[in-house]
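Thanks for coming. I will take a few minutes on one model, starting with the overall layout and ending with a single residue.

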Amino acid sequence: MKYLILLTLLSIVAKSQTIIDIRDNSYSNPNNTYYDYYKKDLNNLLDPFQGTYIYTNGNISFKIVLQKMIKQSQSLHFEDLIIGEYQYIENGIEKTNTISNINIIYNNQYSKHAIAGNSIINNNNREWKCPQCNANEKRLRAKIIDRSTDRHATIFMRRTTVNGQEVLQVKVTDILPDYGTTNPQAFSLPFGEFTMIKQ
């Protein structure tokens, strides 16, 4: 009986999972060995980013839908993250629409969704400084894929209120080079800084 109890306890310990905060970027697996851990949104910092947002400017309309996913498999560990899809219209013509993919559960949500990430950044982040941000305000860095050209970029997001309207201030930057072709296509989605209105 003691032997059975000992085996049960060892099994529970072996299957235990280390939980770390998504803000902890210093965590690494010792000796590059398998290590079961879970990067969890312990303080619900991802929650405010969820929703549908639209940016319009002249003849273009860019709509994104963001959703929080809990405990998603990322190779040998799990993470909470924001995933998203989008619709891009230019001159009344729909150029790209991936919104129907928002509810697809992929084996790797991060790599398959058009928008995905969970990197929480502070207002002094050098990639997108925010002197107008509150001292404890958190923003989000993720990746965005241009599905029409397969180009990748970084998308920064800040939830705030402008004139009583909830908005998402966005910066799309750092478009990755297209190493796979001799004639790369240009990134076709809006980039730079712009404001999207929550629907």
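What you see has two helices and eleven strands. Please keep in mind that this is a predicted model. Along the sequence, the order is α-β-β-β-β-β-β-α-β-β-β-β-β. The protein has 199 residues, and 41% of them count as buried. Of the contacts with a separation of 6 or more, 50% are between residues 24 or more positions apart. The accessible surface is about 11,400 Å², with 50% of that belonging to carbon and sulfur atoms.

The largest nonpolar core has 29 residues, and Phe 62, Ile 64, Ile 144, Met 157, Leu 168 and Met 196 have the most contacts inside it. Elements giving two or more residues to this core include β3, β8, β9, β10 and β11. The largest contribution, four residues, comes from β4. There is also a second, separate core of seven residues, with Met 69, Ile 83, Ile 99 and Ile 102 among them.

Next, the single residue. Phe 49 sits in the loop between β2 (37-40) and β3 (51-57). Is Phe 49 buried or exposed? Its relative accessible area is 2%, so Phe 49 counts as buried, the cut-off being under 20%.

Which residues does Phe 49 contact, beyond its neighbours within four places in sequence? Among them are Leu 66, Ile 82, Leu 140, Met 157 and Leu 168, along with Lys 138 and Arg 139. Finally, Phe 49 and Thr 160 are 111 residues apart along the chain, with their C-alpha atoms separated by 9.9 Å.

How values were computed: Residues are numbered from 1 along each chain as its sequence is written. This is a predicted model: local features need pLDDT of at least 70, side-chain atom pairs count only at pLDDT 80 or more; totals for chains, interfaces and linings use all residues. Side-chain values use heavy atoms; hydrogens and water are left out. Buried means under 20% relative accessible area, exposed over 50%, partly exposed in between (1.4 Å probe, protein chains only). Contact means heavy atoms within 4.5 Å. Accessible areas come from the Shrake-Rupley method with a 1.4 Å probe; for residues, only the protein chains shown count as cover. A nonpolar core is a set of buried Ala, Val, Leu, Ile, Met, Phe, Trp, Tyr and Cys residues joined through side-chain atoms within 4.5 Å.
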